[in-house]
Amino acid sequence: MKSRVFLFLMLAFIAGVTLASFSEVPPLFLGGIFVSGIILVSVFWCKKPAVLAGFLILVFGLGLWRCGAAQKEELFAVRQYNNQGKFLIRGEVIAEPDRRDFNQKFVLEAREIEDGGNWRGVSGKILVTARRFPAYRYGDELEISGKLQAPENFEDFDYVGYLAKDGIYSVMRYPEIEKTGGERQPFFGILFEIRQKFEAALGLILPEPHSSFLAALILGARKTLPPELTENLSVTGTTHIVALSGFNITIISSFIIGLLTLFLIRRGAAFWISVLAIAAFTLMTGAAASVVRAAIMGILVLWAQRESRLYSITNAIVLAGALMIFANPKILRWDIGFQLSFAATLGLIYVSPVFQKWFALGTVGHPAISFGRKILENFKEIFYLTLSAQIATLPLIIYHFGRLSLMALPANLAILPVIPLTMLLGFLTVLVGFVSGWLAILFGWLVYLLLKYEIFVINFFGNLKFAGFSLGFWREILFWLSAAALIYFFILVQRKNRHVF
């Protein structure tokens, strides 16, 4: 009963953030929410249902307040100077710059602004677009001069909301830049340096687009992918393999556990090795907030599989989501990656056990052929995990992208079994390359063949005329129908498994 109450409290908080994310909450209404909750708790303290309702209302109000507080303009915010002309601003680069063919983009944390001949302290982030060279790095202290502007939406993309989730409300394009400091290399600066060297090594060992595709697989660096391949990844529903999502991390971790147990390592030890691998992988990619969230989701799924009580971690999943939302309420509405990762995690927790039981009934192979049987079991696991994630994320995919991929399942099944091996060999290729060029070429050929196969599959399914189609005016109808069907499925699963709570 206590665990159920805790779950409802977390869901009430998330509901409050959701409401405040889509509509402005008047202060009077928010005050009424808190007063109502306090009255119920204090006046009807001896009546448990009333006290529970009171706490639910208070936590719901907390969600409303937290989202509203995050959306309010902070004091001395640099965005107050948007669209008011040219300014001189001092600040620090706080994220790895995004370097492209003709320019680079980086996030500058503003510290001071020159206003009327005087320097004033400010706060806030600015997305700066600059020329390709000179290249700037994380931790550089810069003085930039240019027009500070508010971001604008594209025709079919809410660019303002996309930047707002990261606390960015100002942009500056091609300003005059002077580097004033930043020679020190903090922890994340070192991580980004290692990542850049890793990407450079891939470019020397493998041709394009194979090196860019492997960099996207291992590091999530999708900016250099060819447009055609990027489009086909979307059409075939395989974008998640280069998105470092919770689902992707779960597949990789499951492969690691399966590989270790194949060599007679105990599953408990394999679990902890896999968790350490996830931590190392997260650090190597730069430990961005989105990757950290995906890693947490992936570890929770592994924990559920290890305990063999998939439904017992419902509270842990919801608590993790609630803490992430409390830290940054904007991700609930604007961060598509968080939404898809969270939905896929729920699918892996709730939907996959159903398919696991179905496939267990049809297990083939002779017990004596243990090696082949384990490989078959690993393939079956990838199949039902993929199917579960596809089902759980379907409403969100319909809502955000307005298209339906008919080739998502066959494309994923053809690719996912070899993705973890590709990433492992790709990582080893770079490490060996630092020691011996000849060995790197040998490993590189193996990786090249795997990458060639994966790119072929993506382009083959993506170029089929019936691979996917736009939903048009059916988009909203199918979204609500698929969401309702998924909720109904979850309710049925809960009824069949009374030990959920």
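## Surface and aromatic contacts

The chain exposes about 25900 Å², and carbon and sulfur atoms supply 67% of this area (Shrake-Rupley method, 1.4 Å probe; for residues, only the protein chains shown count as cover). Please keep in mind that this is a predicted model, where local features need pLDDT of at least 70 and side-chain atom pairs count only at pLDDT 80 or more, while totals for chains, interfaces and linings use all residues. Residues are numbered from 1 along each chain as its sequence is written, and side-chain values use heavy atoms, with hydrogens and water left out.

Let's turn to the aromatic residues. The structure holds 10 aromatic pairs (Phe, Tyr and Trp rings, the six-membered one for Trp, with centres within 6.5 Å; planes under 30 degrees apart are stacked, over 60 edge-to-face, the rest tilted). The rings of F13 and F326 have their centres 5.9 Å apart and their planes at 40°, so this pair is tilted. F13 is buried at 5% relative accessible area, whereas F326 is partly exposed at 37% (buried is under 20%, exposed over 50%, partly exposed in between; 1.4 Å probe, protein chains only). Elsewhere, Y399, F479 and W480 form one aromatic cluster.

Two rings also carry a charge over the face (NZ of Lys or CZ of Arg within 6 Å of the ring centre and within 35 degrees of the ring normal):

| Charged residue | Ring | Distance from ring centre |
|---|---|---|
| R79 | Y169 | 3.9 Å |
| K165 | Y162 | 4.7 Å |

In the chain as a whole, 47% of the 501 residues count as buried. F434, by contrast, counts as exposed, at 56% relative accessibility.
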